[in-house]
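Me: I am new to reading protein structures. Could you walk me through one, feature by feature?

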Amino acid sequence: MDSPDTNKRGNKYIKIVNFVCEDTPDDLLLHGSLSKLYNGDNYEPFEEADITVALRLLEKLTKLPVLKSELIRIDVAENLFLPDEAREYLSQLANSPHYQKMPFKNSVYYKKTNFTLHLYDKIKQLKDEAKVPVTEEMSELNVIRYEMPIWKPQKHLKIPSVKVVHLLSPSIRKKLKQRWVDEYFRIPKNLAFDLGSGTKGTADLKVQLALRGMEALGGRVEVLRMLVKAKIHNGWSKKKFQSAQRLLWSLYQKQSTINESKWTKEMNEAIK
């Protein structure tokens, strides 16, 4: 293990892969990204099932009881694949009565006391940082990353303290993700959008409206889960369910952000 360095606060620290272990006067702080630890970046998919593996790996690398440690902050984030260019989407984010909007080049911050939302062009960031090779296929994608850090998560979860091990609980993750979703929908959106030059008639218009409607419902995976629930609760036949699947697939084929292998993976996740 490398010798410790000293940061601007005068605290000794060491880097372990992408994590920083900092010795403060009161505590030993460990901060970093599980997604980057697991994948090497936060662009590739990081599923809930990967959290356990990443945390066990972190314990092995640090030789610290990570799972028993107190969690003082957690960042909930996901990459959103969109039909429109990222800059156009960011321009549609309006001022909010709940936050101070702070637009920057290729990103927008929404801030209030001890709380910040950050939405930014993920592909542009990858190109600027040059840490991850951006392929030609990736360059054609429209990706917004939406990040929400939660300080003192015990207040939100309404429990005395939150340990890292709590992240292994599906109910805890569901509450954190719901807060992430709720805060996103508190941001007003300008409803006007450009249908683009590819919209040649009513058939294309129906596709564009359907895609944006499904985006508003939570995206591809959420709509797939709705189909699964409809099949179970409404007694859909196998034929009717497969017909609905084909309808969604035909719509999403209009987007350059999805291929059949990714679609199959998302469908399998929704059925679980």
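Me: Setting aside neighbours within four places in sequence, which residues is glycine 32 in contact with?

Reply: Glycine 32 is in contact with Asn18 and Phe19. Keep in mind as we go that this is a predicted model. Glycine 32 sits in the loop between strand 4 and helix 1. Its C-alpha atom is separated by 9.5 Å from that of isoleucine 16, a residue 16 places away along the chain.

Me: Is glycine 32 buried, exposed or partly exposed?

Reply: Buried means a relative accessible area under 20%, and exposed means over 50%. Glycine 32 has 47% relative accessibility, so it counts as partly exposed.

Me: And what about serine 35, buried or exposed?

Reply: Serine 35 has a relative accessible area of 9%, so it is buried. Serine 35 belongs to helix 1, which covers residues 34-39. Not counting residues up to four places away in sequence, serine 35 touches Gly40, Asp41, Asn42, Glu44 and Phe46.

Me: How many helices and strands does the protein chain have?

Reply: The protein chain has 11 helices and nine strands. It has 272 residues, and 38% of them count as buried. Among contacts with a separation of 6 or more, 55% are between residues 24 or more positions apart.

Me: How do I read the pairing of two strands?

Reply: Strands of a sheet pair through backbone hydrogen bonds, either parallel or antiparallel. Here, strand 3 (residues 19-23) and strand 4 (residues 28-31) pair in the antiparallel sense over four bridges. A hairpin of four residues joins strand 3 to strand 4.

Me: What is the order of the strands in the open sheet of five strands?

Reply: The order is 5-9-8-7-6, with antiparallel pairing. Strand 5 and strand 6 stand at the edges with a single partner strand each, so one side of each has no neighbour in the sheet. Ignoring direction, neighbouring strands of this sheet are turned by 15 degrees against each other on average.

Me: How many bridges join strand 6 to strand 7?

Reply: Five bridges join them, and the two strands run antiparallel. As a landmark, methionine 102 stands opposite tyrosine 109 in strand 7.

Me: Which helices should I look at beside this sheet?

Reply: Start with helix 4 (residues 122-129), which lies across strand 5, strand 8 and strand 9 and runs at about 80 degrees to strand 8. Helix 7 also packs on the sheet, where it touches strand 5, strand 8 and strand 9, and its direction makes about 120 degrees with that of strand 9.

Me: How can I tell which face of a helix is covered?

Reply: An α-helix has 3.6 residues a turn, so residues three or four places apart point the same way. Now try this on helix 4, where the buried residues are Lys122, Ile123 and Leu126. They fall within an arc of 105 degrees seen down the axis, so they line one face of helix 4. The cover over these buried residues includes strand 5, strand 8, helix 5 and strand 9.

Me: Which residues of helix 7 are buried?

Reply: They are Ile172, Arg173, Leu176, Trp180, Glu183 and Tyr184. Because they cover an arc of only 120 degrees around the axis, they are on the same side of helix 7. Pro170 and Lys174, on the other side of helix 7, are exposed. The elements that the buried residues pack against are helix 2, strand 5, helix 3, strand 8, strand 9 and helix 6. Helix 7 has 16 residues and reaches 22 Å from its first C-alpha to its last, close to the 22 Å expected.

Me: Last topic: what should I look for in phi angles?

Reply: Most residues other than glycine have a negative phi, and most peptide bonds are trans. Valine 17 has a positive phi, near 60 degrees. Valine 17 is in the loop between strand 2 and strand 3, and its relative accessible area of 54% makes it exposed. Asparagine 106 has a positive phi too, of about 65 degrees. Asparagine 106 is found in the loop between strand 6 and strand 7, and at 24% relative accessibility it counts as partly exposed.

Methods:
Residues are numbered from 1 along each chain as its sequence is written. This is a predicted model: local features need pLDDT of at least 70, side-chain atom pairs count only at pLDDT 80 or more; totals for chains, interfaces and linings use all residues. Side-chain values use heavy atoms; hydrogens and water are left out. Buried means under 20% relative accessible area, exposed over 50%, partly exposed in between (1.4 Å probe, protein chains only). Contact means heavy atoms within 4.5 Å. The expected span of a helix is 1.5 Å times one less than its number of residues. The arc is that of the directions from the helix axis to the C-beta atoms. Two strands pair if DSSP finds at least two bridges between them. Axes are lines fitted to C-alpha atoms, for helices over the stretch in contact, and angles run from 0 to 180 degrees between N-to-C directions.
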